[in-house]
There are 2 protein chains.
Amino acid sequence: MIEKKLRLSSLFNFYGNLLTDKQKEILEQYCDFDLSLGEIAENLKISRQAVYDTVKRAEKVLESYEDKLGLIAKFDLTIEKASLAIKEIDLIEAKINSSSEFNDLDQLEKVKQLINEIME
Amino acid sequence: MIEKKLRLSSLFNFYGNLLTDKQKEILEQYCDFDLSLGEIAENLKISRQAVYDTVKRAEKVLESYEDKLGLIAKFDLTIEKASLAIKEIDLIEAKINSSSEFNDLDQLEKVKQLINEIME
């Protein structure tokens, strides 16, 4: 359930501007402000069912954008490579801290390779 | 003119999958295969004007996606930060090559900062 909402938040974050104003309003309350369907219904003076239907419909629309563009998948990969690059740099820093010098060019090339992959 | 075509290619690369099949077919020939409007018209047995209109229309649609999502702008920023990070690493490598040691933690932090900014 939480995974499902995180996924929806991520979709909304990337593609939310392609939704209608009504869908956006409801998903903002649902994803960004973390309100319940009931609370949103009360806020907007519509039925809980109407809120639910809008969320489900919007979710479908957003997933279809991700199917076509795959930008979340691409961004996830960026995060993965960037995290690995940071981890390598942490290792280099640890080496410097323990022996106060560093000269492993291969390790630096590994970092560069990861950063280059981000740019592809 | 070339800048305009590069921009269209970039838009097509990011958002092309949101176009209709017909638009996609024409933009693929125009952007990816770099054919002229006349050549595309001949290939598809339609008028040069029809090809032109489709390209213009698709361009408008694609620009409106970028207006709403700004993913090209975001990716350009990623490229910029990643390039700066690579440049920093090149400087570190040059230091190691000239003095065969390196211990500047601040410089490494700078690289990490840039990579962290990519993940934002």
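This is a predicted model: local features need pLDDT of at least 70, side-chain atom pairs count only at pLDDT 80 or more; totals for chains, interfaces and linings use all residues.

Visitor: Ok. Which domains does the assignment give for chain A?

Guide: Domain 1 covers 2-69 and domain 2 covers 73-119. The C-alpha centres of these two domains of chain A are 37 Å apart.

Visitor: And how many residues are in the largest nonpolar core?

Guide: That core has 49 residues. Tyr15(A), Leu27(A), Tyr15(B) and Leu27(B) have the most contacts inside it. Apart from it there is another core, of 25 residues, including Ala85(A), Ile86(A), Ile92(A) and Ile115(B).

Visitor: Back to Tyr15(A): what is it in contact with, leaving aside neighbours within four places in sequence?

Guide: Among its contacts are Leu62(A), Tyr65(A) and Ile72(A), along with Leu69(B) from chain B.

Visitor: Different topic. Ile26(A), buried or exposed?

Guide: Ile26(A) counts as buried, because its relative accessibility is 0% and the cut-off for buried is under 20%. Ile26(A) sits in helix H2 (residues 21-32) of chain A. Not counting residues up to four places away in sequence, Ile26(A) touches Ile40(A), Leu44(A), Ile46(A), Val51(A), Thr54(A) and Val55(A).

Visitor: Last one. At what angle do H6(A) and H5(B) pack?

Guide: About 170°, with the axes 9 Å apart. That makes H6(A) roughly antiparallel to H5(B), since angles over 145 degrees count that way. The crossing is left-handed.

Visitor: Which residues make that contact?

Guide: From H6(A), they include Leu105(A), Leu108(A) and Ile115(A). From H5(B), they include Phe75(B), Ile89(B) and Ile96(B).

Definitions and conventions:
Residues are numbered from 1 along each chain as its sequence is written. Chains are lettered from A and ligands numbered from 1 in the order in which they are written. Side-chain values use heavy atoms; hydrogens and water are left out. A nonpolar core is a set of buried Ala, Val, Leu, Ile, Met, Phe, Trp, Tyr and Cys residues joined through side-chain atoms within 4.5 Å. Buried means under 20% relative accessible area, exposed over 50%, partly exposed in between (1.4 Å probe, protein chains only). Contact means heavy atoms within 4.5 Å. Domain bounds come from an automatic or database domain assignment. Axes are lines fitted to C-alpha atoms, for helices over the stretch in contact, and angles run from 0 to 180 degrees between N-to-C directions. Helices (H or I, at least four residues) and strands (E, at least two) are DSSP runs, numbered from the N terminus. Angles under 35 degrees count as roughly parallel, over 145 as roughly antiparallel, 65 to 115 as roughly perpendicular and the rest as oblique. A crossing is left-handed if the near helix is turned anticlockwise from the far one by less than a right angle, and right-handed if clockwise.
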